[in-house]
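Please look over the structure shown below before reading on. The paragraphs that follow go through it part by part.

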Amino acid sequence: MKNITRFFWFCSGAHIGTLKKYPLEHNKYVGIGATIFFTAVFASLSGGYAMYFVFSGNPFAVVFAILFGLLWGTAIFNMDRYIVSSIDKAGSTNQQILQASPRILLAIMIGIVISRPLELKIFDKEIRQKLKTAYLKGQHRKIDTLTKTYTEKYAMELGKNTDLKKEKDSLERDINRSRAQLNQEVFGEKNDQTSGITGYGTYAKQKQAVLQEKEDRLKQVTDNQAKMDNYLSARKNYEGVNDIRLFSEHQLDSLSNVAGFSDRNWALGQLSYNENGTRDLDTFLAESFISWLFILFECLPVFVKLMSPKGAYDVAVSKIGEADIYYAERDKDRHIQVINNVYDHRLDKDTDREKKIISAQSDYDLERHNYD
């Protein structure tokens with residue numbers, strides 16, 4: 001229990017030697033340290049999960065996720081520890097709030113960052129369904145675009161093929177009527193289109209000739225249509241219209257499984273909207289509450305430090321800080337005094353040395369001087 005307490009004290013950024021002297025402050029800093037520690041744990045899980053999807057499909061994805069998660073959690077831990085320990089309780093409430101404002105803003109940003117990957121995991125099922133719908137719609141749009149491009153590019157050929165089909169249908173109907181009339185003419189059935197004379201006579205031969213002409217034309221139209229169909233089919237293959245198909249359920253599952261972080265993040269943002277573009281209030285509130293929870297959790301150590309009254313530990317730390325400042329000022333004076341004395345001593349020594357050099361030079365010059 002003692003080791004756990006000391007560990008949470010360390011997490012809170014408190015000066016353990018000073019904190020030991022004030023038992024009433026122990027639980028407060030255990031709570032602050034525990035909050036900072038568990039925030040770092042959540043940050044590690046969040047960062048590791050995000051990195052896992054960044055390297056999804058890579059055999060080392062798990063290793064990268066673990067390493068990045070530990071690195072990210074350590075960075076958040078160090079930042080939170082500094083934020084809380086740097087709040088000075090010696091000032092007034094307004095001064096403390098003003099001092100903590102940048103730290104609160106930073107804590108909000110950290111809370112948003114660490115909450116997003118965990119939201120991706122919480123709404124994983126809904127995200128997969130949204131991705132499937134998006135991929136299917138995208139495939140539909142791709143097919144429609146290719147079909148439209150193909151239709152516009154080969155409009156003349158398609159129009160000609162349509163005319164051939166219409167002519168073929170018309171010829172087939174005419175041939176059926178002409179064949180019926182020929183039979184009626186041969187068997188002597190009297191109506192507006194037949195003579196009523198039985199046998200294969202002049203009128204029957206005329207109707208046979210007309211029928212043959214239509215059948216020849218039908219054969220020609222059928223051949224032309226077959227050639228046009230083959231040409232358009234080849235053009236479809238060339239343009240890729242025949243190659244693209246709608247995704248099957250198995251393919252959609254595979255695509256949603258290998259979706260990257262960016263696609264999943266986009267899908268998460270789209271969950272709060274309905275198909276008609278209106279806001280889905282239930283999903284929006286669920287996502288917002290999760291984000292707010294992590295933001296509050298990240299800001300909690302700062303709020304706890306701000307809300308807690310100034311205790312004996314805070315006073316002691318403030319006094320130790322003042323003493324350290326005084327010691328630093330006196331230490332500066334000592335260094336200045338030492339430097340001045342050393343400089344004066346060096347100046348005296350340099351002056352004596354220069355005097356000796358000048359005197360020796362003068363004596364030497366006098367000995368060499370010849371007055372004659």
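Where is the place of Gln220? Gln220 lies in helix α8, residues 202-239. The model is a predicted one, in which local features need pLDDT of at least 70 and side-chain atom pairs count only at pLDDT 80 or more, while totals for chains, interfaces and linings use all residues. Residues are numbered from 1 along each chain as its sequence is written, and side-chain values use heavy atoms, with hydrogens and water left out. Helices (H or I, at least four residues) and strands (E, at least two) are DSSP runs, numbered from the N terminus.

Gln220 has a relative accessibility of 42% and counts as partly exposed. Here buried stands for under 20% relative accessible area, exposed for over 50%, and partly exposed for what falls in between, using a 1.4 Å probe and protein chains only. Lys168 is 52 residues from Gln220 in sequence, and the two C-alpha atoms are 9.5 Å apart in space. The expected span of a helix is 1.5 Å times one less than its number of residues. Buried residues of α8 include Ala204, Leu211, Val221 and Leu232. After α8 comes Gly240, with a positive phi near 85 degrees.

The next part concerns pairs of helices. Two packed helices are described by the angle between their axes and the distance between the axes. Axes are lines fitted to C-alpha atoms, for helices over the stretch in contact, and angles run from 0 to 180 degrees between N-to-C directions. Helix α1 (residues 2-12) and helix α4 (residues 61-85) have axes that come within 8 Å and cross at roughly 75 degrees. That angle makes α1 roughly perpendicular to α4. Angles of 65 to 115 degrees count as roughly perpendicular, under 35 as roughly parallel, over 145 as roughly antiparallel, and the rest as oblique. On the α1 side, Phe10, Cys11 and Ser12 meet Phe77, Arg81, Val84 and Ser85 of α4; contact means heavy atoms within 4.5 Å. By class, the residues of this contact are four nonpolar, two polar and one charged. Ala, Val, Leu, Ile, Met, Phe, Trp, Tyr, Cys and Pro count as nonpolar, Asp, Glu, Lys and Arg as charged, and the others, Gly among them, as polar.

Helix α4 itself has 25 residues and reaches 36 Å from its first C-alpha to its last, close to the expected 36 Å. Its buried residues include Ala61, Gly69, Phe77 and Val84. The buried residues of α4 pack against α1, α3 (26-54), α5 (93-122) and α11 (281-307).

A second pair is α6 (124-153) and α10 (261-270), which pack at an angle of about 100 degrees with their axes 9 Å apart. These two helices, α6 and α10, are therefore roughly perpendicular to each other. Among the residues that make the contact are Ile127 and Leu131 of α6 and Arg264 and Leu268 of α10. The classes in this contact are seven nonpolar, one polar and four charged. Helix α6 has 30 residues and reaches 43 Å between its first and last C-alpha, close to the 44 Å expected. Buried residues of α6 include Asp124, Ile127, Lys130 and Tyr150.

Which residues have the most contacts inside the largest nonpolar core? They are Phe123, Ile127, Leu131 and Leu268, in a core of 19 residues. A nonpolar core is a set of buried Ala, Val, Leu, Ile, Met, Phe, Trp, Tyr and Cys residues joined through side-chain atoms within 4.5 Å. At least two residues of this core come from each of α3, α5, α6, α10 and α11, and the largest share, four residues, is from α5. Leaving aside neighbours within four places in sequence, Ile127 is in contact with Leu120, Arg264, Ala267, Leu268 and Leu271. A second, separate core has 13 residues, including Trp9 and Ala40.

Two further residues complete the tour. Thr18, in helix α2 (residues 16-19), is buried, with a relative accessible area of 4%. Asp280 sits in the loop between α10 and α11 and, at 21% relative accessibility, is partly exposed.
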